[in-house]
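This report concerns two copies of a chain and the way in which they meet. Please examine the structure below before reading on.

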Number of protein chains: 2
Amino acid sequence: MLYVISAPSGTGKTTIRRRIEKIAPDIKYSISCTTRKPRPGEKDGVDYFFLDEDEFRNRISQGRFLEWANVFGNYYGTDRVYVEELVSQGYDVILDIDVKGASQVKARLSELITIFVLPPSMEELKKRLTKRRTESEEALEQRLKGAEKEIMLAPWFDYVVVNDILEEAVNNIISIIKSTRCRKENSRDVLKRFLDLLT
Amino acid sequence: MLYVISAPSGTGKTTIRRRIEKIAPDIKYSISCTTRKPRPGEKDGVDYFFLDEDEFRNRISQGRFLEWANVFGNYYGTDRVYVEELVSQGYDVILDIDVKGASQVKARLSELITIFVLPPSMEELKKRLTKRRTESEEALEQRLKGAEKEIMLAPWFDYVVVNDILEEAVNNIISIIKSTRCRKENSRDVLKRFLDLLT
């Protein structure tokens with residue numbers, strides 16, 4: 001199965017990701033493609049798949065991206081072939097993308113499960129973003145406004161997870177994935193084994 | 001939320017129940033009402049609510065049972081008022097009932113989540129039932145036939161959990177309950193808090 005996790009910045013999605021990657025080896029985060037140049041220490045195929053613009057545009061025209069966007073002149077996108085490969089290997093795959101990307105994927109794949117991560121409150125989100133101190137007051141304000149806009153769209157998601165206590169949030173996300181595996185629609189093979197036997 | 005867990009006999013539902021009651025204090029198994037006489041050691045309000053026949057029939061006519069049945073002359077049923085009381089206290093409530101009972105409850109409550117527990121295979125089920133050695137060959141055959149009939153109805157349930165490894169089955173059931181709590185429809189209060197703030 002394929003999952004989207006969207007979370008406004010400051011909600012802790014990177015921490016959640018690291019934790020899930022550590023404790024759930026059967027769940028894989030999808031690696032995005034980008035035309036942005038690698039930063040020091042970033043590795044191709046680990047942090048991103050680094051593509052040149054021709055190749056990226058080529059893939060766009062082939063319809064190879066589940067979602068893509070151009071942010072400040074750099075392209076970012078999720079390669080469909082790569083994701084299908086992971087799914088066919090039996091992994092549950094998480095796309096860590098924003099709300100706009102989520103709606104693009106949802107339009108292409110009906111069987112997608114979407115999860116929105118909320119901060120405990122707007123005050124707490126402000127606190128967390130302020131703590132980073134890596135940004136100007138103005139950039140912080142912009143980030144908060146962006147977060148508010150994204151939160152308005154939370155009701156379009158299938159699930160809502162509040163990241164108050166990290167372990168609980170991670171546990172809830174893993175529960176969503178585990179329970180999806182047990183859905184009747186996803187248990188056809190198991191059921192068929194019995195029903196064949198009974199006829 | 002209210003859950004039904006149905007499992008053919010021999011699938012390990014009593015073991016699952018004991019385990020869930022031990023590790024998940026916010027999940028309560030519903031206690032059934034019965035007109036059967038208490039066996040030695042059974043306590044009213046713990047094992048069952050023991051009622052006399054007049055009282056039981058009275059409650060049937062009042063529509064107070066979410067489901068009820070008469071098995072070999074004894075009545076069994078789930079009291080709606082008792083269940084609603086547990087739900088209003090914030091518990092997730094599990095009804096440990098058979099497939100027929102499940103369909104009665106489903107007809108009365110649309111918001112019910114139904115879980116069917118499967119044995120790993122029919123051979124394994126036969127083995128587990130034979131191990132008990134408490135029954136005649138004939139009774140065993142009857143039990144197997146009954147299990148087969150119930151398994152035919154598994155596709156009517158929302159979720160299917162295979163009880164191969166106990167801890168995994170229990171974990172999957174708890175995941176189903178946790179993920180249901182995160183469903184958007186059940187997160188209205190959390191979402192409202194943010195959306196009010198943003199308008």
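The model is predicted: local features need pLDDT of at least 70, side-chain atom pairs count only at pLDDT 80 or more, and totals for chains, interfaces and linings use all residues. Residues are numbered from 1 along each chain as its sequence is written, while chains are lettered from A and ligands numbered from 1 in the order in which they are written.

Chain B places 28 residues in contact with 28 residues of chain A (contact: C-beta atoms, placed from the backbone, within 7 Å). The table lists the elements giving two or more residues to this side of chain B; helices (H or I, at least four residues) and strands (E, at least two) are DSSP runs, numbered from the N terminus.

| Element of chain B | Residues |
|---|---|
| Helix H6 | 137-152 |
| Strand E9 | 159-162 |
| Helix H7 | 166-182 |
| Helix H8 | 188-198 |

The residues on this side of chain B comprise 19 nonpolar, four polar and five charged (nonpolar: Ala, Val, Leu, Ile, Met, Phe, Trp, Tyr, Cys and Pro; charged: Asp, Glu, Lys and Arg; polar: the others, Gly among them).

Chain B is superposed on chain A by a rotation of 180° with 0.0 Å of shift along its axis (RMSD 0.0 Å), using least squares on C-alpha atoms of residues with pLDDT of at least 70 in both. This is the relation of a two-fold axis. The same surface serves both copies, as 100% of the contact residues of chain B recur in chain A.

Within chain B, residues Leu125(B), Lys126(B), Leu129(B) and Thr130(B) of H5(B) meet Leu140(B), Arg143(B), Leu144(B) and Ala147(B) of H6(B). This contact has five nonpolar, one polar and two charged residues.

Methods
Contact = placed C-beta atoms within 7 Å.
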